[in-house]
Amino acid sequence: MRGPGHAAARRAHTDYTGGVYGSMLAASVIVGAGALGSFPRVEMVLLLLLTGGVFWIAHVHAQLFGARLARRTPDRHDVLRACREEWTIVKAAVPPAAAVAVSPLLGLGVQSTQWFALSVAVAGQVGWSAAAARRAGAGRRLIVLSAAVNLVLGLVILSCKLWLKK
């Protein structure tokens, strides 16, 4: 039976940097899909979730392949650990996908939906980076710096959307 220490150890091994990556990936998907013109919302939700899922699988594979290169055959525990550690990539795609899904309830058109989802993705990127820095034991200054760097990266993605619309 697992005790309270097991849950704490599991949380301690969670790597939130996948959330930063997943949020940036979601923002890029929104910009790329939005640059092609109008889209059905259901397709955008699926595109965000499926892209997050595919990149999650790719990251799990890369971790396991790396273990294999270290001359150690991954076992079931290694596979489950890699799946759990990289799951934040998928989790990061959920808020932007939810933003797209609820946009009709908010009366948003296609362009407004894209901006809303993109803003949610960038906010997630900043939040995940602050959480990752905090989890790593960084001081307040470094947490703020990490969030600021990710905000700048998010603004670069937003700028790409503006540039692509010209």
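**Notebook: loop, core and helices**

I looked up Leu106 and found it in the loop between α5 and α6 (helices are DSSP runs of H or I, at least four residues, numbered from the N terminus). The model is predicted: local features need pLDDT of at least 70, side-chain atom pairs count only at pLDDT 80 or more, and totals for chains, interfaces and linings use all residues. Residues are numbered from 1 along each chain as its sequence is written, and side-chain values use heavy atoms, without hydrogens and water.

Leu106 is exposed, at a relative accessible area of 52% (exposed is over 50%, buried under 20%, partly exposed in between; 1.4 Å probe, protein chains only).

Next I checked the core. The largest nonpolar core has 19 residues, of which Ile30, Leu48, Val100 and Leu118 touch the most other members (a core is a set of buried Ala, Val, Leu, Ile, Met, Phe, Trp, Tyr and Cys joined through side-chain atoms within 4.5 Å). At least two residues of this core come from each of α2 (17-35), α3 (41-69), α5 (88-102), α6 (110-135) and α7. The largest share, seven residues, is from α2.

I then listed the contacts of Leu48 (heavy atoms within 4.5 Å). Beyond neighbours within four places in sequence, Leu48 meets Ala26, Val29, Ile30, Ala93, Pro96, Ala97 and Val100.

Last, I read the helices. The buried residues of α5 include Thr88, Ile89 and Val90. Helix α7 (residues 140-164) has 25 residues and reaches 36 Å between its first and last C-alpha, close to the 36 Å expected (1.5 Å times one less than the number of residues). Among the buried residues of α7 I noted Asn150 and Lys161.
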